[in-house]
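Here is my note on the charged side chains, as you asked. Please read it with the model open.

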Amino acid sequence: MKALATIIGIFVLASTGLQAQEECNPNPPFGMAEIAALSIYQGNYNNKDYPFALSYGRWMTCKKPKTMEGNPRFSLAREYRRIIDIYTQIGLSKTDPSEREAYIDTALALFAESFEIFTDEEQDKYELLQRRGRYYLENYRVIDNGLQLAYADFKEMFDRDPETTTTTADGYYVRILVDNYARTNQKEEANSLIDAATPYSTPDLLMFFDETRKGLFESPEEIISYYEPLLEENPNDIEALKALSDAYDDLNMVPELIEVLRKIHAIEPTFDSALQLADVEQGNAQYSEAEAFYIEALELAPTDNAKKEINLDLADVNISLERLQTAKRYIQAALEIDPNYGLALIKMAAIYAQAVTSCTSDRDLEPFDRVVYWVVIDYLNRAKNVDASVTSTVNGQLPSFEAVQPSTQDKFFDLGYENGQTVRVDASLNACYSWINESTTVR
């Protein structure tokens, strides 16, 4: 504001216009009783005749009566809110900048006075900060440094009650503060506020925090240089650990990533942390470690869909560990959840195809080995019949297995089969295939 004195103590608005007055008058106009003046003031305020309302209500800002005879429900704090609105509405209607600023300055003076004259019982200071902060924000074009003043009030709100400030209006005030810190490159302030607000945040707000944090740093290296010292001071700083995990992942720093992920999981074990560790260990060919974390993730899985997917992951690591029977059990568990899970059916076909490779590792492929490929083909066809999303994958695999299925020579002369005959793939075929225990049809 310019160095123009406020309306309080200098001007009073009468219905005839703006008139000079040397001092604030604590008495209602025209010798009226307080309750009568209050009635006229309130009626005109409700009718939005703000100058007339002010002429009958301004005396309250001078006398500051906490009670009023004949009106047990009188609240000076409530009337201050109305008079602030009156000064604001009159000010915004002025075309003369000096007049407009004088009225707005007076409204701000009344805000400041509210913090001093009202007890916490009469006026909640957190609510007062909220109203004044929004006032600065809504009128920042006519208030010097209005935006920064708004940010200061919102920050004080957060310092007083971080949970309420974070949960109010889906984090409206926290978003404003974090966005301001990010725009002005105040990285430490932004991260500190995000850390403090995170425990009370909704998923949408957490997503906003994640996007903001990504924008605070120009590179993963910068993230590492910022967060590693914080971690040295506080090894259990979960937000620093999470930020470092993303940076290490971006830079493919696998040993560091695994170490940080293990710390996160030890401090805050969740489905997501177990699954992330399992994925990283599997990608690093540490299949036994991956299996342990996948089993933990399976126990923590929130939905059946998550469970069936993790069962497939467990099948994969067991295939890598050459434990095909165990892998089969996980596929069966996935199919118990969803019998039409195309990917699981394809995986079962892959397990049986791997069985042939394992059983013939030290000998030539025999006609009875080729019978197993009929079961592989059965599962592939079943997959695309029940799950159209895997049709392309199945069609790409089928020719390879059809090319190695039993030939006419194999069927009729070596194996003694007839078309349409049902045969078992189990120990009766060969001891190596006893665990498969599937039926198929000669074709």
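This is a predicted model: local features need pLDDT of at least 70, side-chain atom pairs count only at pLDDT 80 or more; totals for chains, interfaces and linings use all residues.

1. Overall count. The structure holds 27 salt bridges. Side chains of opposite charge can pair when their charged atoms come close.

2. Glutamate 281 and arginine 262. These two form a salt bridge, with 2.9 Å between the closest N and O atoms. Glutamate 281 sits in helix H15 (residues 271-283) and arginine 262 in helix H14 (residues 254-267), so the bridge ties together parts 19 residues apart in sequence. The partners differ in cover. Glutamate 281 is buried, at 3% relative accessible area. Arginine 262 is partly exposed, at 38%.

3. Lysine 308 and aspartate 338. Their side chains meet in a salt bridge at 2.8 Å, N to O. Lysine 308 belongs to helix H17, while aspartate 338 lies in the loop between helix H18 (324-337) and helix H19 (342-359). The pair links distant parts of the chain, 30 residues apart. Lysine 308 counts as buried because its relative accessibility is 11%, and the cut-off for buried is under 20%.

4. Arginine 370 and aspartate 410. The closest N and O atoms of this salt bridge are 3.7 Å apart. That falls within the 4 Å limit for a salt bridge. Arginine 370 is in helix H20 (residues 367-386) and aspartate 410 in helix H22 (residues 408-414). This pair also links distant parts of the chain, 40 residues apart. Arginine 370 is partly exposed at 22% relative accessibility, whereas aspartate 410 is buried at 8%.

5. A network. Arg78, Glu79 and Arg82 are linked by salt bridges.

6. Aspartate 313. Beyond its neighbours within four places in sequence, aspartate 313 contacts Leu275, Gln282 and Tyr294.

7. A negative surface patch. Asp210, Asp246, Asp249 and Asp250 make up the patch. Helix H13 (residues 238-250) gives the largest share, 3 residues. Aspartate 210 is located in helix H11 (residues 203-216). With 45% relative accessibility, aspartate 210 counts as partly exposed.

Terms used:
Residues are numbered from 1 along each chain as its sequence is written. Side-chain values use heavy atoms; hydrogens and water are left out. Contact means heavy atoms within 4.5 Å. Patches are made of residues with over 30% relative accessible area and no salt bridge: like charges are joined within 9 Å, nonpolar side chains (Val, Leu, Ile, Met, Phe, Trp, Tyr) within 5 Å. Accessible areas come from the Shrake-Rupley method with a 1.4 Å probe; for residues, only the protein chains shown count as cover. Lys and Arg count as positive and Asp and Glu as negative; His and the chain ends are not counted. The place of a charge is taken as NZ of Lys, CZ of Arg, CG of Asp or CD of Glu. Helices (H or I, at least four residues) and strands (E, at least two) are DSSP runs, numbered from the N terminus. Buried means under 20% relative accessible area, exposed over 50%, partly exposed in between (1.4 Å probe, protein chains only).
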